[in-house]
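Student: Could you walk me through this structure? I would like to go through it piece by piece.

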Amino acid sequence: MGGGYPGTMSLETLTDLCTPWCVHVAVTLRVAEHIDAGAGRVEDLATVARCDVHALRALMGQLVSKGVFEEPRPGCYALNQASRELMTPGARLGLDLEGVGGRMAHAWATMLTFVRTGRTAYRDVFGGDFWDDLEANPALGRGFDELMGMVGHGAPDPRIELSGGWDSVRTVVDVGGGNGLMLAALLQARPELQGILVDLPRTAGRAAETFREYGVSDRARAIGQSFFDPLPPGFDLYLLKKVLSNWPDAEAGMVLRRCAEAARPHGRVVVIGGVGPDGAPVRMAIDILLTGGRERSIAEFRELADRAGLEVIAVGRQAAGRYVVECRPAL
């Protein structure tokens, strides 16, 4: 194939499926860890990884050609900077084909159906919707929580700028807050706050450990329930961080409606993630293939919020780099 046009990658590079799958397989087999432990010869590596030696040699040859491993002597492999990254916890979670990384990798094969229909085809491959799959497979669910938490994304940034400041905020509900990292960081940064996390029971059950680690157990608790059900009412702020982009319009609108009901009359709803400026580029992402959700422009979000009984009162990119939308229940 050709070498591409100036300023672009070649079609061959753009359509290379071999290398990504080789990386996934290498991580699944813990190839880097075995080499690090001394199994550098392909025969030894095949033995400890329980692989066919000839197939493994082909896999390693592809990765060496792309600069992922070194081959100082024929059939003998060594680590370099790229292959050492394969041993990080985030890479193990995100690339291991036998865990949540496998779900993400195989979901890309559903893109044709998604583009044709606008609906996720996750069920066609795995037998159930993504969230049901996580609930039915505890190990998979734990892996996803870790990938979305400290291991995959690092410590959350609790800096959120509110119109009028935080002086009037004493209580927070983190809606769909996962294992509690964001809420814990908020409470740690603001000792005056009390908080509740709402998520499915499996995930909410892990939040207690997070609250203990952050030293905020006396000011935080978790409720195991769907956020499509009524939320704890009367709190000052309802936070939706990276929630709405995981749902189509009908479900996203229901989440906003539940927030509006609970926030009345004086609470606020803050949305982080899933909403961007009008005219911002939209790109394919694994999230929407897994869940059927979507990124929304601020104009699209305003329509959704209006139908849910919310009024947008502030919007923009903040000092921490996040695009944040602030709402209040419509009068």
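**Backbone, a buried arginine and a helix pair**

Tutor: R30 is partly exposed, with a relative accessible area of 25%, where buried means under 20% relative accessible area, exposed over 50% and partly exposed in between, using a 1.4 Å probe and protein chains only. This is a predicted model, in which local features need pLDDT of at least 70 and side-chain atom pairs count only at pLDDT 80 or more, while totals for chains, interfaces and linings use all residues. Residues are numbered from 1 along each chain as its sequence is written, and side-chain values use heavy atoms, with hydrogens and water left out.

Student: Where does R30 lie, and what is its phi?

Tutor: R30 lies in the loop between α2 (18-28) and α3 (31-36), helices being DSSP runs of H or I with at least four residues and strands runs of E with at least two, numbered from the N terminus. Its phi is positive, about 60°, although R30 is not a glycine.

Student: And R50, is that one buried or exposed?

Tutor: R50 counts as exposed, at 80% relative accessibility. R50 is in the loop between α4 (42-49) and α5 (53-65), and it has a positive phi of about 60° without being a glycine.

Student: OK, new topic: which residues does the R268 side chain make polar contacts with?

Tutor: The R268 side chain makes a polar contact with the side chain of S168 at 3.4 Å, and another of 2.9 Å joins the side chains of R268 and E326; a polar contact is a pair of N or O atoms within 3.5 Å, where within protein one must be able to donate a hydrogen and the other to accept it, and residues adjacent in sequence count only if both atoms are side-chain atoms. R268 is found in strand β7 (residues 268-272) and is buried, with a relative accessible area of 11%.

Student: What joins R264 and P265?

Tutor: R264 and P265 are joined by a cis peptide bond, with omega about 0°, and P265 is placed in the loop between α16 (249-263) and β7.
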